[in-house]
Each structure stands twice: as C-alpha cells, then as structure tokens.
Amino acid sequence: MNGPHQNLFVAVPLPDAVKQKVAEAAAAGRKDLPFRKWTHPADYHITVKFLGPQDVSLAGPLRKALAPVLARHGRFMLRLDKPGVFGRPDAPRILWMGIGGDQAALAALQQDVERALVALGFEPEPHNRPYAPHVTVARQWTGVEKATSERLAAPFARLTADDPPRWEVEELVLYRTHMGKQPMYERLDHYPLGTER
C-alpha cells in the first residue's frame, strides 16, 4: 500500500486478444525505441476519468452514480489507430496507440461520466483540455538521438495497416493503481453499458 489512498480511475478495458497484439508490437519496439518504461500488457486501457487518490469505499457511490448514466449508453465498437506522442516529438514523454471506431459514442460516454461524477465532488476536465482517448504504450524517451515520427511508428505499422484490432465496448472498469508493481492496475469494479444498439 502507498498509504491509505491510492489513485483510482475509470476506464475502457481492452480485450486480452487486443492487448496481446499491442504487446507483440511493443516487444518489437523495445529493440529500437529507448523509452525508460514500457506498459505491462495487462495494464493497457483507455482512461475515461482519473479520480486521483481515493479510498476504495468510493466504489459503492461510483456504481450508484454511474449506473443510470451507463444504462443509457449502448455498446459500441472501437479499434486501434496509429501511434502518437505526448510531449516533445523528438523526445516524447508518452508513446501511445490511437483509438478509432465510434469515437462519437466514446466521447459522449466520457462526457456523461464527467457530468455524473460532479455530484460526488469530481470537477470536470477544463474545456481547454479536450478528451484524447489513447492506450499508453511507453513513457520517457531516454535516447541520445532525437525521436522521429517514422521511427516511432515503425513497430506498429502492421498492427494498424489494413485490418486493425477492433472490439465491442461492453463495460467500464474501476481500477486502482499500485505504484512500483507489475502489472500496476487492479480491477476493483465494473459498470456494464446498456443494451446493445
């Protein structure tokens, strides 16, 4: 434990088959991309709402707040998209896989989650910080040479070329962070979406 509270967040989980495909591409990337830390395959996810350090007893109120919201959202399809970075392009802070598919459904779900959790004291994200769904693959470029978009994209080219992995989103999951452990995220609860569209 890291004290009484650990970071909690609500996220879209990735199916194991999709995680495996990302992990295979990332394994190839490790050979040429000098990042300090690579995400454990079990930890791949798409964050919907970061809640910060909270007691796990929050799970009950979260379920109560989210249940009526998620009942209004049907299942929808997502797929992996081309990689990108946060931070300086030549020395990225984060390397991520993009998200395609029904982005409108994902954005609407995220906005409704934001609104529902205001009642529990969670502030919505500022309007100047638009939602940018992604799957974090690696962190902190440590290379002496500058990164290039071509070099960063190369290991993932086949993954996102003709038929990128896709999946149906059926639920959101509440995760707890265990810093320094591998895998780092523990599944605490899940919230199913409404009936299929």
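## The chain as a whole

The secondary structure of this predicted model comes to 4 helices and 9 strands, and along the sequence these elements follow the pattern β-α-β-β-α-β-β-α-β-α-β-β-β. The radius of gyration of the chain is 17 Å, close to the 16 Å that the globule rule gives for 197 residues, so the chain is as compact as a globular protein of that length. Taken along the principal axes, the box filled by the C-alpha atoms is roughly 50 × 40 × 35 Å.

Buried residues make up 44% of the 197 residues in the chain. Among the contacts with a separation of 6 or more, 77% are between residues 24 or more positions apart.

## The four-stranded sheet

An open sheet of 4 strands has the order β3-β1-β8-β9, and its pairing is antiparallel. Strands β3 (45-54) and β9 stand at the edges of this sheet, and because each has a single partner strand, one side of each is left without a neighbour in the sheet. From one strand to the next, the twist averages 25°.

Strands of a sheet pair through backbone hydrogen bonds, either parallel or antiparallel. In this model, strand β1 (residues 6-13) pairs with β8 in the antiparallel sense over 4 bridges, and one place to look for this pairing is L8, whose bridge partner in β8 is R176.

## Helices that pack on the sheet

Helix α2 (residues 59-71) lies across β3, β8 and β9, and runs at about 40° to β9. Helix α3 (residues 103-117) also packs on the sheet, where α3 touches β1, β3 and β8, and its direction makes about 15° with that of β3.

The length of α3 can be checked against expectation: at 1.5 Å a residue, its 15 residues should span 21 Å, and the end C-alpha atoms are 21 Å apart, which agrees. The buried residues of α3 are A105, L106, L109, Q110, D112, V113, E114, A116 and L117. These buried residues pack against β1, β3 and β8 as well as α2, β4 (76-88) and β5 (91-101).

## R115, an exposed residue of α3

R115 lies in helix α3, and because its relative accessible area is 55%, R115 counts as exposed, the cut-off being over 50%. The side chain of R115 makes a polar contact of 2.5 Å with the side chain of D112, and D112 is one of the buried residues of the helix. R115 and L66 are 49 residues apart in sequence, while their C-alpha atoms are 9.9 Å apart in space.

## H178, a buried residue in a loop

H178 is placed in the loop between β8 (171-177) and β9 (185-192). Its relative accessibility is 15%, and because buried means under 20%, H178 counts as buried.

Leaving aside residues up to four places away in sequence, H178 touches Q6, M184 and E186. Polar contacts join the side chain of H178 to two of these residues, at 3.2 Å for the side chain of Q6 and at 2.6 Å for the side chain of E186. H178 and N7 are 171 residues apart along the chain, yet their C-alpha atoms are separated by 8.1 Å.

Methods
Residues numbered from 1 in each chain as written. Predicted model: local features only at pLDDT ≥ 70, side-chain atom pairs only at ≥ 80, totals over all residues. Heavy atoms only, no water. Helix = DSSP H or I, 4+ residues; strand = E, 2+ residues; numbered from the N terminus. Buried < 20%, exposed > 50% of the residue type's maximum accessible area, 1.4 Å probe, protein only. Contact = heavy atoms within 4.5 Å. Polar contact = N/O pair within 3.5 Å; in protein donor to acceptor, adjacent residues only side chain to side chain. Pairing = 2+ DSSP bridges. Axes fitted to C-alpha atoms, helices over the stretch in contact; angles between N-to-C directions. Expected span 1.5 Å × (residues − 1). Rg over C-alpha atoms; globule rule 2.2 N^0.38 Å.
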